[in-house]
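User: I have a structure open and would like to go through its side chains with you. Can we take it topic by topic?

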Amino acid sequence: GQGGPGNGAPFTGIVAFGDSLTDTGRMFDLTEGCYPDPEFYYDGRFSNGPIWLDYLAHEMGIEPESVANYAVGGATTGNDNSNDYFDSCLDDEYPGLQDQLATFEADLNGKKADKRALYVVFAGGNDFYDFDPLQTLETISAGVENTVFAVQRLRDAGARRIMVVNLPDLGLTPFGNGPQTAGFLSWLSAVYNESLDSALDGLAAAGVETVRMDASGVLQEAVSNPEDFGFSNVVDGYLPTGLIGGGDPSKFLFWDPFHPTTQGHLLLAEEAMEVLREEFRHVWGTPRGNR
């Protein structure tokens, strides 16, 4: 492939699919500004500031209007959404990952997807939001199959640069890190990610290449060595712990029981950037230093 312009921006845009970790305002729009609660959440994001995709686009030199983000909070890898079940302003049926892809395909309107854009698939956590532990292995294999299907749909639409993000270690989240749950959820996350890896190996063998980002590893690193990243609390969500204790949110890895703070998101963006630079060296050209 020919390198793009020599300004270090070889990607024409970003097209993203996923759940609340990548949602930059779709759920907020779908609920007419009700969820996530604007009093505690930044600009329709499930965090206290910009999320990893915001940082990544900025680092890649991609303008906000060149980001097409289909991610919706609560999305599972299938057609379900964990927000279909609760809360007063959430009285609708919301999209899952496959619905997001269907919308994207419809938006293409018969045209081919831009092969120089970056496509991101980051989902899986909500498959385990309300599931039967006796069905763990079935749930894992369904999630992995759905993710592979998403990649194949993108590929069929014309996408070529596809990044798949693995499942963050659910046993490290404030929601999951209790003594009763942490071991099981960390095991489940590890099995999920091994299974996803081998499925993506299978795709690669069939000629469908993907780039992989290890979100799980980023989280494990931050929890193991908090001081290296400037965190003093990697166990609790700032909401409500830090809020009550008057803590500094920038010292917290988690904003609430499920979602990282904007500082946590920055770590994900840095990892994504590193992976992309490594995988797409041939297209990156020589950046013009820091503008």
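**Notes on the side chains**

Analyst: Asn109 is exposed, because its relative accessibility is 62%. One caveat before we go on: this is a predicted model.

User: Where is Asn109 found?

Analyst: Asn109 is in the loop between helix H3 (97-108) and E3. Its phi is near 55°, a positive value in a residue other than glycine.

User: Is Asp43 buried or exposed?

Analyst: Exposed, because its relative accessibility is 53% and the cut-off is over 50%.

User: What does the side chain of Asp43 meet in a salt bridge?

Analyst: The side chain of Arg45, at 3.4 Å from N to O. Arg45 also forms a salt bridge with Asp54, where the closest N and O atoms are 2.7 Å apart.

User: Switching to rings. How many aromatic pairs does the structure hold?

Analyst: It holds 15 aromatic pairs. One of them is Tyr238 with Trp255, a stacked pair with 5.0 Å centre to centre and 5° between the planes.

User: Which parts of the chain does that pair link?

Analyst: Distant ones: Tyr238 is in helix H7 (residues 238-245), and Trp255 is in the loop between strand E7 (252-254) and helix H8 (262-279), 17 residues apart. Tyr238 and Trp255 are buried.

User: Which rings are linked into a cluster?

Analyst: Phe17, Tyr70, Phe104 and Tyr119 are linked by ring pairs.

User: What sits over the ring of Phe11?

Analyst: The charged end of Arg161, 5.0 Å from the ring centre.

User: Back to H7. Which peptide bond there is cis?

Analyst: The bond from Leu239 to Pro240 is cis, with omega near 0°, and Pro240 lies in helix H7. The bond from Tyr35 to Pro36 is cis as well, again with omega near 0°. Pro36 lies in the loop between helix H1 (26-30) and H2.

User: Which residues form a nonpolar patch on the surface?

Analyst: Phe40, Leu243 and Ile244, with about 310 Å² of accessible area together. Leu243 lies in helix H7 and is partly exposed, with a relative accessible area of 45%.

User: Last topic, the inside. How many residues has the largest nonpolar core?

Analyst: It has 36 residues, and those with the most contacts inside it are Trp52, Leu56, Met60, Leu118, Val120, Met163 and Met213. Several elements supply at least two residues each, among them strand E1 (14-18), helix H2 (52-60), strand E3 (118-122) and helix H6 (215-224).

User: Which element gives the largest share of this core?

Analyst: H8, with seven residues.

How values were computed:
Residues are numbered from 1 along each chain as its sequence is written. This is a predicted model: local features need pLDDT of at least 70, side-chain atom pairs count only at pLDDT 80 or more; totals for chains, interfaces and linings use all residues. Side-chain values use heavy atoms; hydrogens and water are left out. Rings of Phe, Tyr and Trp (its six-membered ring) pair if their centres lie within 6.5 Å; planes under 30 degrees apart count as stacked, over 60 as edge-to-face and the rest as tilted. Helices (H or I, at least four residues) and strands (E, at least two) are DSSP runs, numbered from the N terminus. Buried means under 20% relative accessible area, exposed over 50%, partly exposed in between (1.4 Å probe, protein chains only). A charge sits over a ring if NZ of Lys or CZ of Arg is within 6 Å of the ring centre and within 35 degrees of the ring normal. Patches are made of residues with over 30% relative accessible area and no salt bridge: like charges are joined within 9 Å, nonpolar side chains (Val, Leu, Ile, Met, Phe, Trp, Tyr) within 5 Å. Accessible areas come from the Shrake-Rupley method with a 1.4 Å probe; for residues, only the protein chains shown count as cover. A salt bridge is a side-chain nitrogen of Lys or Arg within 4 Å of a carboxyl oxygen of Asp or Glu. A nonpolar core is a set of buried Ala, Val, Leu, Ile, Met, Phe, Trp, Tyr and Cys residues joined through side-chain atoms within 4.5 Å.
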